[in-house]
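User: Hi! Could you walk me through some side-chain contacts in this one?
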Amino acid sequence: MSIVQGSGGVAVVTGAGSGIGAAIARRAAARGMQVVLADISAGRIDAIARELAHSGHEAVAVPTDVTDPESVDALADAAYERFGHVTLLANNAGLESLGNLWEIPPGEWRRLVSVNVDGIFHGIRSFVPRMGADPRPSSVVNTTSVGGIGTTPGMGAYTVSKHAAQQMTECLYLECAEAFPQIRISAFVPAHVSTRIFEVVRPVEKTADAVEYWRGQLRDKGMTPEGAARIFFDGVDREDFWILTHPEAFDRIAGRRSRLLAEALRPDAP
């Protein structure tokens with residue numbers, strides 16, 4: 001049996017108020033896990049907690065700002081006080097941003113990096129020592145992106161943050177293998193998934209058309225969040241490091257990136 005199946009499993013999901021995070025939380029509950037829903041929007045996670053409770057699942061909503069280490073510490077305290085242990089930590093909260101690097105206001109840059117990078121770091125710092133003190137197997141899954149292995153002009157802030165998230169996940173894998181081998185580490189790498197991520201983008205100068213383009217891409221071509229959550233748990237069950245929603249896109253982007261690095265090519269090489 002998977003370490004995240006059966007009674008007694010506890011899942012903590014950040015960014016659980018919508019999109020992939022909400023789908024992961026619902027699927028965790030359907031698999032028999034107790035769920036801790038974390039999001040900056042108290043209203044959204046309260047509604048999901050009520051929905052899960054109405055279906056007979058145990059869930060608790062903990063409003064959390066992942067950019068604030070004390071808030072994430074409070075999330076860990078709430079999870080352990082309520083359930084006594086954590087089986088799965090899904091560091092999933094994330095934001096998008098569009099615009100050339102010189103067009104992005106410093107405040108927008110800090111907001112994006114604070115959520116996409118610091119949010120994962122704070123989750124690791126608050127939870128991994130406690131999970132490591134528990135001899136039972138557990139999993140930490142960080143949501144990165146295909147943007148974390150490639151380069152997309154006009155999405156510089158986002159791809160920089162996701163490269164950092166991916167590298168942090170790889171380092172965490174090696175560190176836990178040495179210090180806490182019972183903790184399995186995975187990078188969840190979505191490509192096109194139909195979420196609200198571009199609905200809440202703050203347009204900057206010259207990005208209105210790009211925002212509409214990407215909203216259309218996700219609406220017309222995106223996988224459902226429920227499909228992404230199924231892939232998420234299939235990967236956790238197999239103890240995969242790389243959990244990919246779109247393997248073909250990953251192969252294409254990673255292959256090009258590998259060639260650029262191996263041959264020391266310019267970024268615009270065909």
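Analyst: Happy to! This is a predicted model.

User: Nice. How many aromatic pairs does the structure hold?

Analyst: There are five aromatic pairs. In one of them, Y173 and F241, the ring centres sit 5.3 Å apart and the planes make 80 degrees; angles over 60 count as edge-to-face, so that is what this pair is.

User: And where do Y173 and F241 lie?

Analyst: Y173 is in helix α5 (residues 156–179), while F241 is in the loop between α7 (225–238) and β7 (242–244), so the pair ties together parts 68 residues apart in sequence. Y173 is partly exposed at 40% relative accessibility, whereas F241 is buried at 16%.

User: What about W242 and F250?

Analyst: W242 and F250 make a tilted pair, 5.1 Å centre to centre with 55 degrees between the planes. W242 is partly exposed at 34%, and F250 is buried at 12%.

User: Switching to charges: how many salt bridges turn up?

Analyst: The whole structure has 13 salt bridges. Among them, R26 and E51 meet at 2.7 Å, N to O. R26 belongs to helix α1 (residues 19–30) and E51 to helix α2 (residues 42–54), so this bridge links parts 25 residues apart in sequence.

User: Which residue forms a salt bridge with D237?

Analyst: That's R31, with the closest N and O atoms 2.7 Å apart. D237 lies in helix α7 and R31 in the loop between α1 and β2 (34–39), so the pair ties together parts 206 residues apart in sequence.

User: Is R31 buried or exposed?

Analyst: R31 is buried, at 17% relative accessible area, while D237 is partly exposed at 30%.

Methods: Residues numbered from 1 in each chain as written. Predicted model: local features only at pLDDT ≥ 70, side-chain atom pairs only at ≥ 80, totals over all residues. Heavy atoms only, no water. Phe/Tyr/Trp six-rings, centres within 6.5 Å; stacked < 30°, edge-to-face > 60°. Helix = DSSP H or I, 4+ residues; strand = E, 2+ residues; numbered from the N terminus. Buried < 20%, exposed > 50% of the residue type's maximum accessible area, 1.4 Å probe, protein only. Salt bridge = Lys/Arg side-chain N within 4 Å of Asp/Glu carboxyl O.
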